[in-house]
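Dear colleague,

Here is the structure I promised to pass on to you, with the sequence alongside. Please have both open while you read the notes that follow.

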Amino acid sequence: MRFKKAFTLAELMIVFIIIGIIIALGVSTVKPWEKAYKYAYLRIYNSLSLAIYNHMINTNDDNAFPEDADKLCEALLEYINTAEHIDDPAAFCKSGKHFGDASPTAADFTEDALKDKVTIVASNGVRLWIGAKNNGIEHSMTAKQNIGGTEEEDTVKFFYVYADLNGDRKPNTPVWSQNQMADIVAFAITDKYIVIPLGYPEVDSRYLEAHVVYPTFDSATGEEDTSSYSDDEDVTSDAMTYYEAKVQAFDLNDDGTIDTSIGNVMTYDFNSEFSNNNPFKVKHPDGGYKDDVKENYNAYYETDPKFDEDQCTSTGYTEPICNVKIYDYH
């Protein structure tokens with residue numbers, strides 16, 4: 001009688017155990033959803049930036065910035081590809097259906113709570129909601145700025161835009177933790193043509209990274225020399241978190257905080273209107289809030305981010321000559 005060769009039960013068990021270990025290591029280290037969030041975050045950031053820019057340069061009006069949340073909604077529908085064609089944008093964006101509270105809670109983003117909100121669904125599935133003051137009016141923030149060497153008050157108008165990066169797929173939460181990235185994030189769309197990332201993506205490089213652009217100046221003319229940007233690697237910093245880049249570019253006090261007296265819209269503290277315990281407001285890692293919001297941000301670093309005095313100041317200039325650029329994922 002001839003016996004066929006085969007694996008023993010013990011040998012099969014060993015193979016299954018090895019395969020299980022490999023799968024467990026792969027799941028714990030790769031985390032493909034982190035890459036998906038990063039792609040989606042960058043795409044919607046660029047889409048919002050391009051939409052508000054196109055709207056403002058194509059609007060024949062001295063006050064091109066949308067006058068209320070309805071008008072911003074219409075502007076986004078005009079310049080963002082949506083999952084479905086909207087025949088009547090004005091009717092779709094009708095008043096009273098946007099976030100009227102500057103500081104929504106996690107409960108405001110449950111599916112039941114979102115049923116009566118205007119939801120813009122981009123072609124890639126990202127869902128967008130607009131946040132404004134009562135009756136859809138824009139927010140505004142005033143700070144003393146150095147304008148042309150003279151200290152003046154400068155006011156910026158802005159709306160909040162909340163984005164669900166993976167659409168209606170779970171976890172559908174704005175609550176962030178080290179182990180679970182929030183898939184609902186916030187931006188400020190400003191009348192300076194700029195979209196500002198808010199909250200935890202500023203300190204979590206899993207969402208986005210930034211670098212500082214160091215302008216170079218012609219010693220003879222004193223004018224900015226843009227020709228060197230294409231061939232000089234020294235004109236940009238290494239990739240870093242968005243908050244670190246802001247501090248490195250704009251912190252005139254060199255104390256780890258952003259100086260809000262300088263003339264750049266990115267130095268406004270758009271998170272300040274969020275109340276404590278709001279999911280978009282960064283907590284100190286000890287779990288509590290501090291009076292100074294910036295202390296919460298600095299606490300995420302072993303060494304507080306510092307202003308790059310050698311490259312971001314120049315004799316004769318009253319404000320930093322650096323700027324911050326979102327670092328494309330690669």
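A residue is called buried when its relative accessible area is under 20%, exposed when it is over 50%, and partly exposed in between, as judged with a 1.4 Å probe and the protein chains only. By that definition, buried residues make up 44% of the 330 residues in the protein.

Please keep in mind that this is a predicted model, in which local features need a pLDDT of at least 70 and side-chain atom pairs count only at pLDDT 80 or more, while totals for chains, interfaces and linings use all residues. Residues are numbered from 1 along each chain as its sequence is written, and side-chain values use heavy atoms, with hydrogens and water left out.

The pLDDT is the predictor's confidence in each residue, on a scale from 0 to 100; the protein averages 82, and 79% of the residues score at least 70. Helices (H or I, at least four residues) and strands (E, at least two) are taken as DSSP runs and numbered from the N terminus, and the protein has 8 helices and 8 strands. Where pLDDT is low, the predicted coordinates should not be read in detail.

Strands count as paired if DSSP finds at least two bridges between them; β2 is joined by 2 bridges to β1 (residues 120-121), and the two run antiparallel. Ile120 has Leu128 as its bridge partner in β2. The two strands form a hairpin with 5 residues between them, and Gly125 in the turn has a positive phi of about 95°.

Asp164 belongs to strand β4 (residues 150-164), and Asp164 counts as buried because its relative accessible area is 0%. Taking contact to mean heavy atoms within 4.5 Å, and leaving aside neighbours within four places in sequence, Asp164 touches Val126, Arg127, Trp129, Asn172, Asp183 and Ile184. Across the protein, 65% of the contacts between residues at least 6 apart in sequence join residues at least 24 apart.

Some backbone details deserve a look. Most residues other than glycine have a negative phi, and most peptide bonds are trans. Lys170 and Pro171, however, are joined by a cis peptide bond with an omega of about 15°, and Pro171 lies in the loop between β4 and β5 (184-190). Asn135, in the loop between β2 and β3 (139-147), has a positive phi near 65° and is exposed, with a relative accessible area of 70%. Asn277, in the loop between α6 (242-250) and α7 (293-298), has a positive phi of about 70° and is likewise exposed, at 61%.

As for the surface, accessible areas come from the Shrake-Rupley method with a 1.4 Å probe, and for residues only the protein chains shown count as cover. The protein exposes about 17,800 Å², of which carbon and sulfur atoms supply 49%. Phe16, which lies in helix α1 (residues 9-30), is exposed, with a relative accessible area of 54%.
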